[in-house]
Amino acid sequence: QVQLVESGGGLVQAGGSLRLSCVASGSIFSINTMSWYRQAPRKQRELVATITSAGSTNYGEFAKGRFTISRDNAKNTVYLQMNSLKSEDTAVYYCKTYLCRDIGLVVCSDYWGQGTQVTVSS
């Protein structure tokens with residue numbers, strides 16, 4: 001019964017900013033890596049950013065210097081701060097986390113959010 005709920009998407013003008021949030025809820029034992037992916041029409045899904053449980057981060061080349069990923073472990077939440085947005089950032093943004101549940105035994109797998117639309121107007 002794990003659920004990832006995303007929020008923060010919307011319409012913004014080029015050069016503007018948005019902050020996306022993703023909250024994981026349910027019977028969660030632990031969370032390892034949390035990530036953001038995006039998929040634009042007629043393009044493959046691509047990695048935006050990842051953050052480990054220790055706080056180490058990695059970014060796609062297009063995101064470096066503009067986007068910042070962070071997490072609040074107490075709230076099981078990951079954020080993506082997006083600045084200096086460009087029209088080519090328009091996509092559905094998905095939250096993904098590799099987490100573990102304790103249901104008598106520990107079971108770990110990837111979980112995905114429903115996606116949130118980000119539209120950047122030029």
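**View 1. Charged side chains of the protein chain.** In this predicted model, the protein chain carries 12 positive and 8 negative side chains. The centres of the two sets sit 2 Å apart. As for the surface they share with everything else, the accessible area comes to about 6500 Å², and carbon and sulfur atoms account for 47% of it.

**View 2. The Cys 22–Cys 95 disulfide.** Here the two sulfur atoms are 2.2 Å apart. The link is left-handed, with -80 degrees about the S-S bond. It ties together distant parts of the chain: Cys 22 belongs to strand 3 (residues 18-25) and Cys 95 to strand 9 (residues 91-102), 73 residues apart. Both cysteines are buried.

**View 3. The Cys 100–Cys 108 disulfide.** A search of the whole structure turns up 2 disulfides, and one of them joins Cys 100 to Cys 108, with sulfur atoms 2.1 Å apart. This link is right-handed, at 105 degrees about the S-S bond. Cys 100 counts as buried because its relative accessibility is 11%, under the 20% cut-off. Cys 108, at 32%, is partly exposed. Counting bonded cysteines along the chain, the pairing runs 1-2, 3-4.

**View 4. Strands and packing.** The protein chain has 11 strands and 0 helices. Of its 122 residues, 40% count as buried. Take the contacts between residues at least 6 apart in sequence: 54% of these join residues at least 24 apart. The C-alpha trace spans about 50 × 25 × 25 Å along its principal axes. The radius of gyration is 14 Å, which agrees with the value near 14 Å for a compact globule of 122 residues.

Terms used:
Residues are numbered from 1 along each chain as its sequence is written. This is a predicted model: local features need pLDDT of at least 70, side-chain atom pairs count only at pLDDT 80 or more; totals for chains, interfaces and linings use all residues. Side-chain values use heavy atoms; hydrogens and water are left out. Helices (H or I, at least four residues) and strands (E, at least two) are DSSP runs, numbered from the N terminus. The radius of gyration is taken over C-alpha atoms; the globule rule is 2.2 Å times the number of residues to the power 0.38. Buried means under 20% relative accessible area, exposed over 50%, partly exposed in between (1.4 Å probe, protein chains only). Contact means heavy atoms within 4.5 Å. Accessible areas come from the Shrake-Rupley method with a 1.4 Å probe; for residues, only the protein chains shown count as cover. Lys and Arg count as positive and Asp and Glu as negative; His and the chain ends are not counted. The place of a charge is taken as NZ of Lys, CZ of Arg, CG of Asp or CD of Glu. A disulfide is a pair of cysteine sulfur atoms within 2.5 Å.
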